[in-house]
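Please keep the sequence and the structure in view while reading.

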Amino acid sequence: MIFITAKFRVLPEHADRWPRIAAEFTGATRAEPGCLWFDWSRSLDDPTEYVLVEAFRDDEAGAAHVQSAHFRKAQQDLPPHLAETPRIVNATVPQQDWSLLGEMAVPEGR
C-alpha cells in the first residue's frame, strides 16, 4: 500500500473550520475504491496544524487519487486557507492494514 502522512498548517482564522473546509475533498477521497483510509487529526500542541494520515491500495489507486476531479478541485480550494505548503512523508509498505502495536497490547476479553 501507499502510506502518506501530511502536515497542513492552516491560517489561524480558518483553523477551527478546517474540517468543514476539507469535508468535500475528504468525503470524495474516502469514496475512492482504492482508498484504505483518509483521516485527519488536529495537533495537541498547535491548533493551526492538522495531520492527514492516508493510505491507498497500490500505485494505481494512488495515481487515480491525484488524477481525480476532486483532487484537482482541492488543489484550487484548499491552499487559500493554508499558512504554508503542506509537508509530506510518502512510502510504499508491504501491508494492507494497520498492524497491532504489541508493546501496548491490551488483553483480550477486556
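## Residues and helices of the model

D58 lies in the loop that joins β3 to α3. With a relative accessible area of 30%, D58 is partly exposed; the term covers values between the two limits, buried being under 20% relative accessible area and exposed over 50% (1.4 Å probe, protein chains only). From D58 to E108 the C-alpha distance is 32 Å, and the two are 50 residues apart in sequence.

This is a predicted model, in which local features need pLDDT of at least 70 and side-chain atom pairs count only at pLDDT 80 or more, while totals for chains, interfaces and linings use all residues. Residues are numbered from 1 along each chain as its sequence is written, and side-chain values use heavy atoms, with hydrogens and water left out.

**Overall arrangement.** The protein has four helices and four strands, where helices (H or I, at least four residues) and strands (E, at least two) are DSSP runs numbered from the N terminus. Their order along the sequence is β-α-α-β-β-α-α-β. Taken along the principal axes, the C-alpha atoms fill a box of roughly 45 × 35 × 25 Å. Of the 110 residues in the protein, 34% are buried. Contact means heavy atoms within 4.5 Å. Among contacts between residues at least 6 apart in sequence, 74% join residues at least 24 apart.

| Pair | Separation in sequence | C-alpha distance |
|---|---|---|
| M1 and E84 | 83 residues | 28 Å |
| A61 and P33 | 28 residues | 7.7 Å |
| T85 and F8 | 77 residues | 7.4 Å |

M1 sits in the segment before β1 and is buried, its relative accessible area being 8%. Not counting residues up to four places away in sequence, M1 touches a set of residues including L36, W37, A55, F56, R57, A91, T92 and V93. Q95, Q96 and D97 are also among the residues that M1 touches. T85, in the loop between α4 and β4 (87-92), is exposed, with a relative accessible area of 67%.

**Helix α3.** A61 belongs to helix α3 (residues 59-66) and counts as buried at 5% relative accessibility. Leaving aside neighbours within four places in sequence, A61 is in contact with E32, G34 and F56. The buried residues of α3 are A61, G62 and H65. Seen down the axis of α3, these buried residues fall within an arc of 100°, so they line one face of the helix. The arc is that of the directions from the helix axis to the C-beta atoms. On the other side of α3, D59 and E60 are exposed. The cover over the buried residues of α3 includes β1 (2-9), α2, β2, β3 and α4.

An α-helix has 3.6 residues a turn, so residues three or four places apart point the same way.

**Helix α2.** In α2, F25, T26 and T29 are buried. They cover an arc of only 100° around the axis, which puts them on the same side of α2. Among the elements that cover the buried residues of α2 are β2 (35-42), β3 (49-56), α3 and α4.

**Packing of α2 with α4.** Two packed helices are described by the angle between their axes and the distance between the axes. For helix α2 (residues 23-30) and helix α4 (residues 69-77), the axes come within 10 Å and cross at roughly 160°. Axes are lines fitted to C-alpha atoms, for helices over the stretch in contact, and angles run from 0 to 180 degrees between N-to-C directions. α2 and α4 are therefore roughly antiparallel to each other, a term for angles over 145 degrees. The crossing of α2 past α4 is left-handed, meaning that the near helix is turned anticlockwise from the far one by less than a right angle.

On the α2 side the contact is made by E24, F25, A28 and T29, and on the α4 side by H70, F71, K73 and A74. By type, the residues of this contact divide into four nonpolar, two polar and two charged. Here Ala, Val, Leu, Ile, Met, Phe, Trp, Tyr, Cys and Pro count as nonpolar, Asp, Glu, Lys and Arg as charged, and the others, Gly among them, as polar.

Key
Parallel < 35°, antiparallel > 145°, perpendicular 65-115°, else oblique.
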